[in-house]
Amino acid sequence: MHCRATGLVYDGSLQAMDEGEPYKFRVREVCAEEVLSSLWVESFMITTIVVPIPEITFQIPLPGEEVFVSPELVVVLLTPDIEVNLNERSVVNLTRFESPGCPRSSFVREGSDFALHSDSSPGQVSLINSAIMTAAPPDGFWLSSCKYRFAIYPDVLRTILRPAKFNPMMQWDFDWAEIGPIRKNFYVQGMTSELTGTSMRLVVHYDKDANITCVATPLPSEDRYASGKRT
């Protein structure tokens with residue numbers, strides 16, 4: 001006769017099972033008459049798993065990074081098998097520090113407000129899957145030449161595996177640096193010949209408003225094409 005033990009119940013004889021430690025389990029069939037009960041059967045050696053604490057494996061922007069375009073959103077890659085710990089203390093905070101031209105502002109979301117298994121949209125923090133978090137502040141939050149800090153407060157995240165482990169405080173700073181205007185177009189719009197010489201209109205388009213100082217340098221007075229060949 002072959003028996004299978006199912007519905008096993010922990011009897012509390014161990015106060016806590018240590019992670020990464022080997023254990024053996026015993027089972028027996030118990031009958032109303034003790035003499036009919038089976039002998040104890042011992043299991044193979046079983047080692048309990050070690051549940052890692054939630055950690056960041058990669059993030060965009062990087063800590064201390066100086067970005068030159070609007071970040072649009074913060075992306076955080078985490079150790080796998082993570083879920084949101086839905087309680088009132090679960091807070092993610094993206095702060096814009098105050099400085100000249102940069103009014104202080106904060107984008108805060110609690111765990112109960114997270115969008116689960118959803119793409120990022122302005123104004124929300126999303127847990128895309130069990131290993132990717134994104135934070136997309138509302139329109140107008142990102143300002144160039146400003147400093148930012150992204151923070152995931154303790155206990156926002158916990159492991160799906162048990163015993164559950166919770167994240168420590170996680171935070172880092174980054175900058176959106178201002179760069180000079182980039183030239184997009186440059187062309188000659190018109191040319192006129194007058195008694196005093198030749199003039200032309202140059203048109204230059206930049207990617208942002210800017211005060212540009214133009215300097216015109218006259219060509220040498222001699223005829224550059226006198227030889228019949230272009231020089």
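Predicted model: local features only at pLDDT ≥ 70, side-chain atom pairs only at ≥ 80, totals over all residues.
Residues are numbered from 1 along each chain as its sequence is written, and side-chain values use heavy atoms, without hydrogens and water. Local features need pLDDT of at least 70 and side-chain atom pairs count only at pLDDT 80 or more, whereas totals for chains, interfaces and linings use all residues.

Strands (E, at least two residues) are DSSP runs, numbered from the N terminus. Two strands are taken to pair if DSSP finds at least two bridges between them. Strand E9 (residues 91–96) runs antiparallel to E10, and 6 bridges join the two. Within this pairing, leucine 94 has phenylalanine 107 in E10 as its bridge partner.

A disulfide is defined as a pair of cysteine sulfur atoms within 2.5 Å. The whole structure holds 1 disulfide. It is formed by cysteine 102 and cysteine 146, with the sulfur atoms 1.9 Å apart. The link connects distant parts of the chain, 44 residues apart. Cysteine 102 lies in the loop between E9 and E10, and cysteine 146 lies in strand E14 (residues 146–152). The angle about the S-S bond is -95°, and the link is left-handed. Burial was assigned from relative accessible area: buried means under 20%, exposed over 50%, and partly exposed in between (1.4 Å probe, protein chains only). Both cysteine 102 and cysteine 146 are buried. Cysteine 31 is partly exposed, because its relative accessible area is 25%.

E7 pairs with E5 in the antiparallel sense over 4 bridges. Another 4 bridges join E7 to strand E13 (residues 132–136), again antiparallel. Valine 76 takes part in both pairings. It is the bridge partner in E7 of glutamine 59, and it stands opposite methionine 133 in E13.

Strand E5 (residues 56–60) includes isoleucine 60. Isoleucine 60 has a relative accessible area of 43% and is therefore partly exposed. With Phe58, Leu62 and Leu77, Ile60 forms a nonpolar surface patch. Together, the four residues have about 310 Å² of accessible area, computed by the Shrake-Rupley method with a 1.4 Å probe and only the protein chains shown as cover. Patch residues have over 30% relative accessible area and no salt bridge; nonpolar side chains (Val, Leu, Ile, Met, Phe, Trp, Tyr) are joined within 5 Å, like charges within 9 Å. A salt bridge is a side-chain nitrogen of Lys or Arg within 4 Å of a carboxyl oxygen of Asp or Glu.
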